[in-house]
Amino acid sequence: MLTLANLVAGAIAITLTLRFHAYESAFWLIIAAAVCDFFDGFAARLLKQSSPLGVQLDSLADDISFGLAPAVVMFDMYGQSTSYYNLSADIIEPLGYVTLIIAAFSALRLAKFNIDTTQSTEFAGLPTPANAMMLMSLAVLAEQGHVALYQEHIALISVAAALLLISPIRMFALKFKGFGIKGNELRYAFMLLSLIIIIAVPAYSVLAIIVIYIALSTVRWLFSRS
């Protein structure tokens with residue numbers, strides 16, 4: 001039920017986006033979907049009701065809420081924006097469909113996660129919930145006039161976000177094996193920095209926190225490789 005609630009929240013977010021361009025409402029629905037996504041696995045383990053069906057259903061729900069929903073938001077926002085370079089309609093209209101690559105690459109990301117046994121303590125590529133919340137928060141900032149996004153920017157951001165999903169960059173997970181400082185330095189530092197950002201710039205906090213998460217993970221990955 002929690003997994004299906006995740007899916008339904010994503011479906012409603014898509015509907016509100018296409019009918020009313022209500023990006024802020026869609027954003028909060030995706031937050032609700034993320035909460036359901038967090039607790040469905042927890043509830044399954046607590047009730048000892050985990051099964052292969054749950055694994056498959058979880059991925060399908062995630063692709064709707066964290067793959068298709070942000071793709072639709074970016075597609076809709078593209079249609080509501082104008083061209084920065086005043087490109088002709090023959091170029092600018094087909095370019096808008098590039099935003100839907102987010103849904104495709106989210107499905108690929110989720111499928112890879114299901115068969116990759118190395119992602120229990122860290123992730124390969126940006127997790128789909130983080131990617132969805134980053135894009136949805138960007139749409140809310142644009143809706144509220146905090147940032148100006150043109151069609152070319154939206155297409156470029158969509159491609160970059162899609163590539164982050166399937167990138168080889170190892171992203172650290174906020175999973176604590178213990179609550180001691182040793183071994184959790186990066187996690188505690190990230191959580192403290194996130195709290196400071198929420199207090200200092202609440203409007204930009206979600207976008208800023210996820211961008212910092214990507215940056216920290218990339219630096220950590222590069223150092224580990226060297």
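Student: Does arginine 220 count as buried, exposed or partly exposed, and why?

Tutor: Buried means under 20% relative accessible area, exposed over 50%, and partly exposed in between (1.4 Å probe, protein chains only). Arginine 220 has 31% relative accessibility, so it counts as partly exposed. Glutamate 122 counts as buried because its value is 18%.

Tutor: A word on the source: this is a predicted model, where local features need pLDDT of at least 70 and side-chain atom pairs count only at pLDDT 80 or more, while totals for chains, interfaces and linings use all residues. Residues are numbered from 1 along each chain as its sequence is written, and side-chain values use heavy atoms, with hydrogens and water left out.

Student: Which residue forms a salt bridge with glutamate 122?

Tutor: Side chains of opposite charge can pair when their charged atoms come close. The cut-off for a salt bridge is a side-chain nitrogen of Lys or Arg within 4 Å of a carboxyl oxygen of Asp or Glu. Arginine 220 pairs with glutamate 122, with the closest N and O atoms 2.9 Å apart. That pair joins helix H9 (residues 205–225) to strand E1, 98 residues apart; helices (H or I, at least four residues) and strands (E, at least two) are DSSP runs, numbered from the N terminus.

Student: What about arginine 170?

Tutor: Arginine 170 forms a salt bridge with glutamate 122 at 3.1 Å between the closest N and O atoms. Here strand E1 (residues 122–124) is linked to strand E2 (residues 170–172).
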